[in-house]
Amino acid sequence: MSDTPASPAPLSDDDLRETLDLLATAVASISDRVDDQTRVLDRVNKTATEARSAAFAAQKQTDPEHYGEIVGATINGKIGDTLTRVGQMAGDLLRASNHTQEVLRKAEDARSDTMRQLWEREQKLERFKSRLPWFGLGAVVLTLVLTVTLPRFLASNASMCAVLGASWTTTTTGVDACVFYQR
């Protein structure tokens with residue numbers, strides 16, 4: 001089984017911001033720990049230097065190579081795990097950064113699509129506005145034509161003549177007509 005953890009599922013923007021804040025806090029904490037370890041290492045280095053000085057002074061009783069190996073093993077043991085964790089954290093930050101870039105790219109694409117659609121709608125509205133006077137003129141012409149022809153059409157048979165309140169009669173020449181009498 002692999003020692004590396006599985007890649008986390010994609011996060012929402014708010015979760016991603018929170019994760020980035022937590023990662024930044026963790027990196028700051030690790031940095032403080034590394035600084036503390038550096039101070040410890042400086043003290044260990046100073047102690048090792050003093051130990052070497054004492055070893056040279058008492059060369060018959062001590063072996064400087066042996067003490068150097070002990071100090072080196074101690075230093076590696078103290079910061080080895082921390083450096084491994086920092087490396088893992090850097091990898092996680094890189095993956096989160098890549099995911100953020102992908103999300104931002106998608107958001108920019110969506111914004112571009114929205115702007116294009118808005119522009120197309122504005123173009124349609126402008127075309128409609130340019131045709132609106134012609135529609136108005138057509139409505140006026142249609143109204144005038146219907147004003148003249150509709151009563152003539154309605155008065156062309158007996159039932160519609162009755163609806164108009166007129167009388168259907170036959171003229172002396174034998175032509176049927178819808179007539180309005182004054183009362």
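Me: Is Asp109 buried, partly exposed or exposed?

Reply: Asp109 is partly exposed, because its relative accessible area is 37%. Buried means under 20% relative accessible area, exposed over 50%, and partly exposed in between (1.4 Å probe, protein chains only). This is a predicted model: local features need pLDDT of at least 70, side-chain atom pairs count only at pLDDT 80 or more, and totals for chains, interfaces and linings use all residues. Residues are numbered from 1 along each chain as its sequence is written, and side-chain values use heavy atoms, with hydrogens and water left out.

Me: Which side chain meets Asp109 in a salt bridge?

Reply: That of Arg105, at 3.2 Å from N to O. A salt bridge is a side-chain nitrogen of Lys or Arg within 4 Å of a carboxyl oxygen of Asp or Glu. Asp109 and Arg105 are about one helical turn apart, because they are four residues apart in helix H2. Helices (H or I, at least four residues) and strands (E, at least two) are DSSP runs, numbered from the N terminus.

Me: How many salt bridges are there?

Reply: Eight. Among them is Asp36 with Arg39, where the closest N and O atoms are 2.2 Å apart. Both Asp36 and Arg39 lie in helix H1 (residues 13-57).

Me: Changing topic, how many helices and strands does the protein chain have?

Reply: Three helices and two strands, in the pattern α-α-α-β-β along the sequence.

Me: And how much of the protein chain counts as buried?

Reply: Of its 183 residues, 7%.
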